[in-house]
Structures are given as structure tokens and as C-alpha cells.
Amino acid sequence: MTSPTPLDYLVPPYVKRFQAYIPSKPDEELKKIYRCSRIFRLNNNENILGPCPAAAAVIQKFPPLRAAIYPSGDAYYLRYKLADRFGMHPDQFLVGNGANEVISFAIKAFCQEGDNIITADKTFAVYEWVAEFSGVESRLVPLVDFGFDAEGMLASIDARTKIIFVCNPNNPTGSTWNRQKLCRFLDRINGQQIVVVDEAYAEFVADPDYPDGLDLIREYPNLVIFRTFSKMFALAGLRIGYLAGSNEVVEVIRRTCVVYSVNSLAQMAALAAMEDSGEHVARTRELVSQGKAFLKREIEGLGLSYVLGEGNFMMIKLPLNDALAYRKLMTHGVMVRSMTGFRFPNWIRVTISNGEAMEALVEALGKVLGEPWTGNKKYCLQPQLGGIKTS
Ligand SMILES: *Cc1c(COP(=O)(O)O)cnc(C)c1O
């Protein structure tokens with residue numbers, strides 16, 4: 001008989017107090033639980049159109065023997081392609097198993113126990129989570145008018161602050177900082193901390209004043225940009241994203257990378273996605289713009305408040321608990337993101353998808369709210385929308 005493992009002693013306190021994230025069950029299981037015949041997945045901001053034709057072809061033709069061979073350990077060709085596209089050096093890019101993994105690389109590279117990172121209270125939670133389970137304090141500055149509060153974040157900095165995470169556009173509110181606001185913030189930081197700007201939804205942004213973070217790296221060597229192939233490029237299932245920064249900063253972060261974490265197929269598909277003419281991006285943007293116009297009108301018709309900004313998602317406020325709403329909507333085959341985890345109790349976030357899915361959502365919401373849907377069945381075109389809006 002071996003002795004019981006002394007977990008109490010083995011596990012660090014910051015891991016003890018951390019709760020594991022519970023991923024949703026596979027669709028087939030959910031269909032049984034909620035007795036629905038199909039599921040519209042509106043919970044993860046995926047792109048319903050799927051990958052562009054060039055990436056789809058690469059995926060279909062993947063040679064099985066390649067599965068036996070380790071991938072490029074540093075996504076060689078993809079980094080050269082990125083460098084060529086954005087006028088940078090290949091060594092300024094680090095490719096990871098989704099942008100989620102590069103969050104981890106950055107925190108590991110700069111933070112030790114006792115250090116802190118700063119971000120917003122209502123944003124993508126992975127920055128906070130990785131910090132917390134790594135023994136790093138996360139300082140969460142409340143959003144102001146649904147956007148990141150530059151002054152509040154500056155005021156939270158102390159000698160142990162290593163990284164400031166700005167999600168631009170913000171998931172889930174869709175708020176953005178324009179170029180002037182970002183540059184003024186970077187000027188105030190004056191190179192003293194790493195500033196990460198997460199641009200997971202950059203390709204969706206319509207605002208002409210939206211700053212391309214990659215352009216600013218030359219001027220601000222402490223700036224690190226995150227991008228992903230999961231959202232616009234529809235490769236979420238293959239897990240591939242990247243960070244970009246100055247040579248000095250990336251050289252440090254590279255030390256914390258896990259070699260071979262990005263598989264061969266993901267690298268090939270991402271490369272192909274970058275070679276698309278732009279048609280796939282244009283089609284996706286059109287779909288999102290139509291979906292937003294439709295939802296905005298229908299959600300207003302249901303008398304609900306919402307927050308709608310950039311990105312392929314929208315937040316809706318419900319007169320009931322969001323976990324309950326999730327379950328009720330699931331019985332109608334509509335899967336949304338409940339927002340208590342984002343500190344927005346009673347709110348849900350929905351992905352902007354095609355007409356069929358948007359109609360299913362509105363119809364299900366109507367039922368859940370106890371009234372039949374009387375909205376316009378016809379899914380029709382409408383021009384571009386304004387910025388953040390609450391009603
Ligand atoms: C989806 C998302 C990511 C992570 O994307 P990966 O699938 O891990 O590449 C990062 N940041 C934000 C804000 C996101 O919404």
C-alpha cells in the first residue's frame with residue numbers, strides 16, 4: 001500500500017483556490033439532455049461560413065503521412081508569410097495553439113509570484129485566469145461606458161505591474177479604443193510595462209479610426225499584439241493564433257514557448273487562409289453586418305436592452321437569470337454564452353450568424369420571454385450600424 005498523496009502540501013495556494021473552467025458538452029450529448037434535434041451554436045463567436053476555399057482545400061487534402069511527422073517547431077512558413085504581409089521580420093511573430101496559448105507565454109515570460117497584471121473586470125477572462133492560477137495577481141479595472149478605462153488602469157499600476165491587457169475590440173462589449181486613445185495610453189505608459197492589445201476581432205472592425213496594432217510596434221517596442229485564426233478565418237477547431245512584438249520582447253517570450261504545440265494542419269490551413277483574396281473576409285463582414293441589423297431590430301422589438309459594438313457578437317440583457325435562460329434557450333436548440341462569468345449577470349452574448357440561426361434565436365427568445373414571436377420573419381438587408389448602443 002502506498003501512502004495517500006499529500007495534495008494539501010503539494011498544491012500551491014493559488015491553484016487550490018482556482019476553479020477549473022467547465023467546457024460545454026459535445027453537441028450530441030447536449031441534444032439528448034435538452035431534447036432538441038439541432039443546435040445553433042451562438043456561444044463561441046465562431047464563423048458560420050467556415051474557412052475560405054483555399055484553407056478548406058488544404059484541410060481536405062491533408063496527407064495522412066504528415067500526421068506521423070512533427071510539425072515545424074516555430075511555424076516557419078507561416079511566420080515568413082506574416083512578416084511579408086505586415087512588413088515585419090519573421091522573428092517578430094510567435095505562433096501558438098490558439099491565442100489562448102500565447103496569453104500563457106506572455107504571462108510566464110514576465111510575471112513571477114507577487115507581480116500583477118492589469119485588465120478590465122468585464123473582458124475576455126483568460127488573462128485573469130492564467131494570471132491567477134500562476135500565482136500572479138490580476139487587477140481588474142471596471143469598464144466605463146462598456147469600454148476599457150485608460151485612466152483607471154494607469155492609476156492601478158505599481159512597481160510590480162508587468163503587463164496591461166487591453167482587449168480591442170473588447171469581448172464581450174465590442175467597445176474599441178481608437179488610434180489616438182491607444183497612442184496616448186502608450187505614451188503615458190512610456191515603455192515601463194508590457195502592453196498587450198488583443199486584436200482577436202480586428203478583421204471585423206468597421207471603424208476607420210481603429211488602430212492596426214502591428215503598425216504601432218515600431219514606435220512602441222513594449223507593445224505586444226495578439227491575433228487569432230479562430231474567429232474571422234474560421235479555424236477555431238485547429239487551434240492557431242499568434243503574437244507579434246518588437247524583436248527584443250519576442251525574443252524573451254519565445255523562451256517560454258512549448259515547442260510543437262501548433263500542429264501541421266493548423267499551420268498549413270492558416271497559411272492558405274492568408275492567401276485568400278479577401279473575398280472570404282468580405283463575405284463574412286457582410287453576413288455580420290446583416291445579422292447585426294436584423295438582431296438590433298428584433299431585440300428592440302422584444303423590448304430588450306443590448307450592447308452592440310464591433311466584432312461578430314452582441315450582448316443582450318434579459319429579465320431572467322442568464323444560466324436559466326441558457327437552459328431554456330437550449331431546449332429550443334439555441335446555444336448562447338451566459339454572462340455571469342463575465343460579471344454581467346442576467347446578460348447573454350450571442351454570435352452573429354446566418355439568417356436561419358438569427359431567426360431561431362429571436363424565435364426562441366420570444367418563447368422564453370413568454371410571448372410568441374411577432375417580428376418580421378423576413379431576414380432582410382440593412383445598412384451599417386452605429387457604435388455601442390444601449391437601449
Ligand atoms: C476567441 C478569443 C481569443 C482566443 O482565441 P483562440 O481560439 O485561442 O485563438 C483571444 N482573445 C479574445 C478576445 C477572444 O475572443
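**A mixed sheet and its cysteines**

Seven strands make up an open sheet here, running β2-β8-β7-β6-β5-β3-β4 with mixed pairing. Strands (E, at least two residues) and helices (H or I, at least four) are DSSP runs numbered from the N terminus, and two strands pair if DSSP finds at least two bridges between them. This is a predicted model, where local features need pLDDT of at least 70 and side-chain atom pairs count only at pLDDT 80 or more, while totals for chains, interfaces and linings use all residues. Residues are numbered from 1 along each chain as its sequence is written, and side-chain values use heavy atoms, with hydrogens and water left out.

- β2 pairs with β8 (residues 241-244) in the antiparallel sense, over four bridges.
- F93 has A244 as its bridge partner in β8.

**Helices on the sheet**
- Helix α5 (residues 76-86) packs on the sheet and touches β2, β7 (223-228) and β8; contact means heavy atoms within 4.5 Å.
- The direction of α5 makes about 130° with that of β2; axes are lines fitted to C-alpha atoms, for helices over the stretch in contact, and angles run from 0 to 180 degrees between N-to-C directions.
- Helix α9 (residues 179-189) also packs on the sheet, touching β5 (161-167), β6 (194-198) and β7, and its direction makes about 160° with that of β6.

**Cysteines**
- You'll find zero disulfides in the structure (cysteine sulfur pairs within 2.5 Å).
- C111 is in no disulfide, and the nearest cysteine sulfur, from C257, is 15 Å away.
- C111 counts as buried at 13% relative accessibility, and C52 is buried too, at 3% (buried is under 20% relative accessible area, exposed over 50%, partly exposed in between, with a 1.4 Å probe and protein chains only).
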